[in-house]
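Subject: Structure handover

Hello,

Here is the structure for you to look over. My notes on it follow below.

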Amino acid sequence: MEKHVVVIFPHPDDEAFGAAGTIAKFRQEGVPVTYLCGTLGEMGRNMGNPTFATRESLPEIRKKELQDACKVMDVELKMLGYRDKVLEFEDLSKVSDHLKELLETINPTLVITHYPEYAVHPDHNALGAAAIDAVSRMEESTRPTVWAQAFMRGYQEILGKPDVVQDIRPFVKTKVKTILCHKSQAQGVLGNVTGEELTEENMEAIALEHFKEETFYTWNFENI
Amino acid sequence: MKPIDLIEVQEQIDAFAGKKVFIHLETTNGAYANHVNEKAYNVGAFIRNAQVTYEHGKIKGAGAAYRVGLKTENGWVYAEGLNAWELDDKNRLLMAGHDREGRLMVSLEISETAF
Ligand SMILES: [Zn+2]
């Protein structure tokens, strides 16, 4: 059994769409989970539908949504303070040092992050790479396992089938509740993910029907 | 934000003219445009806290699509597709264009203090 799980993603809502079912499963087993969230999604395009956020009010709104989501999942939250959309232009060795320091303090047995170059958004790819770099530089004896999430179009043709397939159906209610905490984003992102015309009324039901599993690749540190 | 009213927004643009102001200018179709639709391109640009002084500015257009141009000493600041605005609690003029799903497509903001 895992002793402590750390989730490293750049945006408030990445945890909800990517890993909330898996997180809920760990929490049910009593495993502590910490979410290191890279940015506040300051440059997000979804402003609610109908819009209730502005470019300037969005960070505070998303911060609150993130805190609510972490309460639903019952996980500890640490916000890393980077800025949305420009993470890839930071000095990534510094970001990696920052993550390594945090990981050495938390001492997790498992880290969940994005699969670099296979996670669509440049922030996902950059933070995933920094996280994997941080873990690779940790002492082998205390080095956590890494599960990397890929979802770029056609990723399985290149990477093969993911070796970690979490059946999240027993936890789908918690996952959808977590997603709906991100009010400014939920409808827009769910529309993309499910490919359905969503309204405020039908989106919960469609989401509950849609999510069945969350998949990851165990990172092989021999390869680098 | 509320729908753009030509006269109200023009008054606000006039109020910032001749002052040293900070600009946030942005256009985006999102980081997932190509992921969602293979034929689409990801396109976006933003500049945050550019300092300019404009001699005068105008808002033009009708219906739900407005353009704003600010004439500076050496050039122009321009945005197209704006349809919503507000003066926020920090006295900043926020203008944006949202699509039918409420997503931001373009944004032009003017403030006397840095964003
Ligand atoms: Zn994301």
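The largest pocket is lined by 39 residues. Nearest its centre lie A:F17, A:F151, A:V189, A:V193 and B:Y32. A pocket here is an open set of points on a 1 Å grid over the protein atoms alone, where a 1.4 Å probe fits, with protein on both sides within 12 Å along at least five of seven lines; lining residues have an atom within 4 Å of a point.

A word on the source. This is a predicted model, in which local features need pLDDT of at least 70 and side-chain atom pairs count only at pLDDT 80 or more, while totals for chains, interfaces and linings use all residues. Residues are numbered from 1 along each chain as its sequence is written, chains are lettered from A and ligands numbered from 1 in the order in which they are written, and side-chain values use heavy atoms, with hydrogens and water left out.

Back to the largest pocket. Its volume is about 1,200 Å³, taken as the space filled by probe spheres set on grid points that are joined across faces, edges and corners. Four elements each supply at least two lining residues: α1 (14-28), α7 (183-194) and β7 (213-218) of chain A, and α2 (33-36) of chain B. Helices (H or I, at least four residues) and strands (E, at least two) are DSSP runs, numbered from the N terminus. α7(A) gives the most, with four residues. By class, the lining has 12 nonpolar, 15 polar and 12 charged residues. Ala, Val, Leu, Ile, Met, Phe, Trp, Tyr, Cys and Pro count as nonpolar, Asp, Glu, Lys and Arg as charged, and the others, Gly among them, as polar.

The second largest pocket has a volume of about 470 Å³. It has 23 lining residues, and the closest to its centre are A:N49, A:Q187, A:G188, A:L198 and B:E101. α7(A) again gives the largest share, here eight residues. The lining divides into seven nonpolar, nine polar and seven charged residues.

Next, the interface. Chain A puts 20 residues into the contact and chain B 29 (heavy atoms within 4.5 Å). About 2,100 Å² is buried between them, 53% of it from carbon and sulfur atoms. That figure is the accessible area (1.4 Å probe) lost on putting the two parts together, summed over both. On the chain A side, A:R45, A:E56 and A:R153 lose the most area, together 36% of what that side buries.

Two salt bridges link chain A and chain B. The term means a side-chain nitrogen of Lys or Arg within 4 Å of a carboxyl oxygen of Asp or Glu. One of them pairs B:R48 with A:E56 at 2.9 Å, N to O.

Over all chains the structure holds 15 salt bridges. Among them is A:R62 with A:D13, whose closest N and O atoms are 3.6 Å apart. A:R62 sits in helix α2 (residues 58-73) of chain A and A:D13 in the loop between β1 (5-9) and α1, so this pair ties together parts 49 residues apart in sequence.

Two backbone points remain. A cis peptide bond joins A:N49 and A:P50, with omega about 0 degrees. A:P50 is in the loop between β2 (33-37) and α2 of chain A. A:K85 is not a glycine, yet has a positive phi of about 80 degrees. A:K85 lies in the loop between β3 (76-79) and α3 (92-106) of chain A.

Best wishes
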